[in-house]
Amino acid sequence: MSQAVTMARIYLVEGRDDVNKIISRLVDIRVRGFTVFKGVAGLGSDHRLHKASLLALSSELPIIIEFFDEPDHVRETIEKLGDLVKPELVISWPAQSGI
């Protein structure tokens with residue numbers, strides 16, 4: 001049986017955002033599921049290219065946290081992440097679970 005859910009994606013930068021605090025909060029809030037992706041390259045809001053390099057000791061690589069749950073719970077979760085994530089770095093869209 002399919003169920004309406006909302007997917008949410010948070011765009012972060014390694015070393016600039018506190019990814020571990022966000023992950024801990026998602027666990028505490030008990031979202032249905034989430035995945036953390038680490039990118040090899042990304043163009044930031046500053047329009048600077050951030051990419052992995054064998055020579056770089058530290059990188060500002062893109063990190064994406066994607067999660068889903070019932071629409072109301074996702075809306076509440078995004079509000080509860082407000083002190084850790086700028087609203088313009090979060091996108092969401094409707095989806096179906098269990099198709």
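The model is predicted: local features need pLDDT of at least 70, side-chain atom pairs count only at pLDDT 80 or more, and totals for chains, interfaces and linings use all residues. Residues are numbered from 1 along each chain as its sequence is written, and side-chain values use heavy atoms, with hydrogens and water left out.

**Exercise 1. The fold**

Task: State how many helices and strands the protein has, and in what pattern they follow along the sequence.

Solution. 
- Step 1. Helices (H or I, at least four residues) and strands (E, at least two) are DSSP runs, numbered from the N terminus.
- Step 2. The protein has two helices and six strands.
- Step 3. Read along the sequence, these elements give the pattern β-α-β-β-β-β-α-β.
- Step 4. The C-alpha trace spans about 50 × 30 × 20 Å along its principal axes.
- Step 5. A contact means heavy atoms within 4.5 Å. Of the contacts with a separation of 6 or more, 79% are between residues 24 or more positions apart.

**Exercise 2. The helix pair**

Task: Describe how helix α1 and helix α2 are placed relative to each other.

Solution. 
- Step 1. Two packed helices are described by the angle between their axes and the distance between the axes.
- Step 2. Axes are lines fitted to C-alpha atoms, for helices over the stretch in contact, and angles run from 0 to 180 degrees between N-to-C directions.
- Step 3. The axes of α1 (residues 19–29) and α2 (residues 71–80) come within 11 Å and cross at roughly 140°.
- Step 4. Angles under 35 degrees count as roughly parallel, over 145 as roughly antiparallel, 65 to 115 as roughly perpendicular and the rest as oblique. The two helices are therefore oblique to each other.
- Step 5. The contact is made by R25, L26 and I29 of α1 and by H73, T77 and K80 of α2.
- Step 6. Ala, Val, Leu, Ile, Met, Phe, Trp, Tyr, Cys and Pro count as nonpolar, Asp, Glu, Lys and Arg as charged, and the others, Gly among them, as polar. The residues of this contact divide into two nonpolar, two polar and two charged.

**Exercise 3. Buried or exposed?**

Task: Classify T77, I10, A95 and R30 as buried, partly exposed or exposed.

Solution. 
- Step 1. Buried means under 20% relative accessible area, exposed over 50%, and partly exposed in between (1.4 Å probe, protein chains only).
- Step 2. T77 lies in helix α2. T77 counts as buried because its relative accessibility is 0%. Leaving out residues up to four places away in sequence, T77 touches L26, I29, V31 and F67.
- Step 3. I10 belongs to strand β1. With a relative accessible area of 0%, I10 is buried. Beyond four places in sequence, the residues that I10 touches include I22, I65, F67, L81 and V90.
- Step 4. A95 is in strand β6 (residues 90–97). Its relative accessible area is 21%, so A95 is partly exposed. Not counting residues up to four places away, A95 touches Q3, A4, V5 and M7.
- Step 5. R30 sits in the loop between α1 and β2 (33–38). R30 has a relative accessible area of 69% and is therefore exposed. The phi angle of R30 is near 65°, a positive value in a residue other than glycine.
- Step 6. For the protein as a whole, buried residues make up 27% of the 99 residues.

**Exercise 4. Two polar side chains**

Task: Find which backbone atom the side chain of D69 reaches, and with which side chain Y11 makes a polar contact.

Solution. 
- Step 1. A polar contact is a pair of N or O atoms within 3.5 Å; within protein, one must be able to donate a hydrogen and the other to accept it, and residues adjacent in sequence count only if both atoms are side-chain atoms.
- Step 2. D69 is placed in strand β5 (residues 62–69). D69 is buried, with a relative accessible area of 7%.
- Step 3. The D69 side chain reaches the backbone nitrogen of R32 at 2.8 Å.
- Step 4. Y11 is found in strand β1 (residues 3–13). Y11 is partly exposed, at a relative accessible area of 33%.
- Step 5. The side chain of Y11 makes a polar contact with the side chain of R9 (3.4 Å). Leaving aside neighbours within four places in sequence, Y11 is in contact with I63, I64, L89 and I91.
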